[in-house]
Amino acid sequence: MIKVTLAQLNVTVGEMDGNVRKMIAAAQRARDDAADLVVFSELSLTGYYPGDLLDEPQFMARVSVGFEALLQASRQMPALHWVVGLPAVHTGPGKPLRNVLRVLRGGEVLLEYAKQLLPTYNIFNERRHFEPGPDVAKVLRIGTAQVGFLICEDGWNDDGSDYAVNPFDRLRDAAPDLVVSINASPSHIGKREQRHQIFAAASHRNHLPILYVNQIGGHDQLVYDGASFAVEPKAGVVFEARRFEEDVTTLRIDAHGFRAADGEPLPAVPAAGLSTMAFYRQQIVLGLRDYARRCGFTQAVVGSSGGIDSAITLALAAAAFGPDRVTAITMPSVYSSAGSVDDSQTLCDGLGVRLYRHPIADLVQGYSAGFEAAFGAPLQGLSLENLQARIRGTILMEYSNTWGHLLLTTGNKSEMSVGYCTLYGDTNGGLGLIGDLYKTEVFALSRHLNEATGREIIPRAIIGKPPSAELAPDQKDTDSLPPYEVLDEVLKHLIEGHGLAHEEREQVEAYVAQLVQLPDGAALVDRIRRLVARSEYKRRQAPPVIRVRARAFGSGRQMPIAAQHF
C-alpha cells in the first residue's frame, strides 16, 4: 500500500518564489496526511509554458535557486517523496534543456526522468527549447510499491499514431505497481473526456494503474482545468479532482485499487462532465481572473453597445471581478437607436455595473469636417463607419489609461474570422473573452446564463434583437454577412476541420456538403474562405482571446499574412 497526494496547483509562469511556496504548503498537507509521495504537475516549478523565458540569461539561475529551496524543504520532511517538474540543463548534442521530473526525498534527488515525446502541434512547441529524453523507463521503489513515471505527452501515444516511440512499452516491461504522470494539459471543449478515454485505454492495454496530475489556471490564451484523475485497468477512471480549482487530495492504492486516504471507497466519477455552456462560462471566468491577476489588473472596462457581444462580455467580467469592479461605457452616435442605450442601462442595472454615457456625434462631426478641410473629400461609407468604431476605441483606451482598468474587447469568433471588425476600434483591448465563441454560441451562452441564475442576466430585448454594428442607417449584420447559423457551420469546417470532435465534425461536414449543392452554395463557401484568409492581418493585431475550442486563433492557428490561400 502507498499513499499519494495529488497537488493540483495554480502556479504562475516565471514566479518561482511563489510557486515554491505553494508547493511547500501542499507538501506539508501531504505530510499531515501521512502520504508517502506528493506529486506536482509538469514544469510545476516554473509554470507551463515559459516559452522564450527559457532563453533569458537569468531564468535557469532562478530555476536553480527555486529547486534548491525545494530540496531544503524536503530535508524538513524526510519521509516524504516529492515529484517535481522543471526544466533542466542538458549536455551533449541537441537543445540545451530538457523537460524533466525529479523525485526528491530528504534533500536528495533519487530519480530524474526526461520527457521523451515533445509536442509541436496546435499550441505546443516544446522542441523549440527542449531535447527529448532517452527511450527508457524510470521506476523507483517507494515504500512497498514500484512507481513508474511519465510526463504528459509521453502517455498520449499508446496507439502509436503520432510518434515512433511509445513510452508505455518500456514501462510495461518494468511492471510498476503504479504509474505517475505529471501534466500541463490545456483545456478545451471535450478535452476532459478525451483524456479519460486515452488513459483508460492505455491503463487497460498495459495493465497499469495510472495517476494523472494536471495543473490549473489561466496563462494568456490558455486555461488549464485541473481535473486530475486516477484510472485502473479494469474499472477505468475511478477518481477525479475538482475542475477549475486548486485541489490537494490524498489517495491510497493497494492490491484492490485506489481508495480515499482513510481507506473508504471513492465516489463514482460521472462519464459526462459539464454542459458545453457551463464549461465555456467557467473556462472564461477563470481565464480572465488569472490573466488580470497576473498582469496586475483589478478592474475592467467594456464598451456597451446594447448588443449581445458586449452584454455577455460584461456579464462574464462581473462574474470574474465582481460587478463593483467593472465599468461599462455606452457611446451613442447619430445611428444608435434609443433602444440600444436603454438596453445597456437595463443590462448594467441588472448586473450592478456602473454605466457611463459618452455620446460621440460631435466628435464624429469634428473629425469629418477636419478630414474634408484637409483632403477636399467628405468622409463617407466604410471610412465613416470605421471612424465611429475608432473614436469609441479611443475613448475606451483613454478611460483604461486614466484609471488603470483592463479593457476587454467584445469581438466573437465569427466576426474575427471574416474581418467584420475595425482595427484600432472595436479590436482595442487587452483580452477578448468571447473571441473563441461563434456568434450562435454567444447567444446560447447568454440563454444559459439566464437559465443558470434563474433571472434575466442578459435582457430578452438584447437576445432577441437582430445583430447590428449601428454604424450606418438601419444597418444589420446580414447586410454584409450570411446568417450566423450558416456562417458558423462553414467557419467550423474551414477553421477547425479535423480538430472538431467526431460527432460535431460529422454534423458540420454533412451541413457543408448539403450547402454546396444549393444554388450559389459553393460560391458562398468560397467567399467565406477568402474573407477568412484576407482578415489574417487583423487577427494578428487583435488582443489575445481565451481559448475554449480545440483550434483558436493565435498560437493554435499559425497562418501567414502575405500568402496565396487556396
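**Close-up views of helix contacts and salt bridges**

Glu 496 counts as buried, at 5% relative accessibility. Welcome to a few close-ups of this predicted model.

**View 1. Glu 496 pairs with Arg 549 in a salt bridge.** The closest N and O atoms of the two are 2.7 Å apart. Since Glu 496 sits in helix H13 (residues 484-496) and Arg 549 in the segment after helix H16 (536-541), the pair ties together parts 53 residues apart in sequence. Arg 549 is buried too, with a relative accessible area of 2%.

**View 2. Asp 309 forms a salt bridge with Lys 439.** Here the closest N and O atoms lie 2.9 Å apart. This pair links distant parts of the chain, with Asp 309 in helix H6 (residues 308-321) and Lys 439 in helix H11, 130 residues apart. Asp 309 is buried at 9% relative accessibility, and Lys 439 is buried at 3%.

**View 3. Arg 102 and Glu 112 meet through their side chains in a salt bridge.** The N to O distance is 2.6 Å. Arg 102 belongs to strand S4 (residues 97-105) and Glu 112 to strand S5 (residues 108-114), so the bridge ties together parts ten residues apart in sequence. Arg 102 counts as buried at 17% relative accessibility, whereas Glu 112 is partly exposed at 33%.

**View 4. Helix H5 (residues 276-295) crosses helix H11 (residues 439-453) at roughly 90°.** Their axes come within 9 Å, and the crossing makes H5 roughly perpendicular to H11. Met 277, Ala 278, Tyr 280 and Arg 281 of H5 meet Glu 441, Ala 444, Leu 445, His 448 and Leu 449 of H11. Six of these contact residues are nonpolar, one is polar and two are charged.

Conventions:
Residues are numbered from 1 along each chain as its sequence is written. This is a predicted model: local features need pLDDT of at least 70, side-chain atom pairs count only at pLDDT 80 or more; totals for chains, interfaces and linings use all residues. Side-chain values use heavy atoms; hydrogens and water are left out. Axes are lines fitted to C-alpha atoms, for helices over the stretch in contact, and angles run from 0 to 180 degrees between N-to-C directions. Helices (H or I, at least four residues) and strands (E, at least two) are DSSP runs, numbered from the N terminus. Angles under 35 degrees count as roughly parallel, over 145 as roughly antiparallel, 65 to 115 as roughly perpendicular and the rest as oblique. Contact means heavy atoms within 4.5 Å. Ala, Val, Leu, Ile, Met, Phe, Trp, Tyr, Cys and Pro count as nonpolar, Asp, Glu, Lys and Arg as charged, and the others, Gly among them, as polar. A salt bridge is a side-chain nitrogen of Lys or Arg within 4 Å of a carboxyl oxygen of Asp or Glu. Buried means under 20% relative accessible area, exposed over 50%, partly exposed in between (1.4 Å probe, protein chains only).
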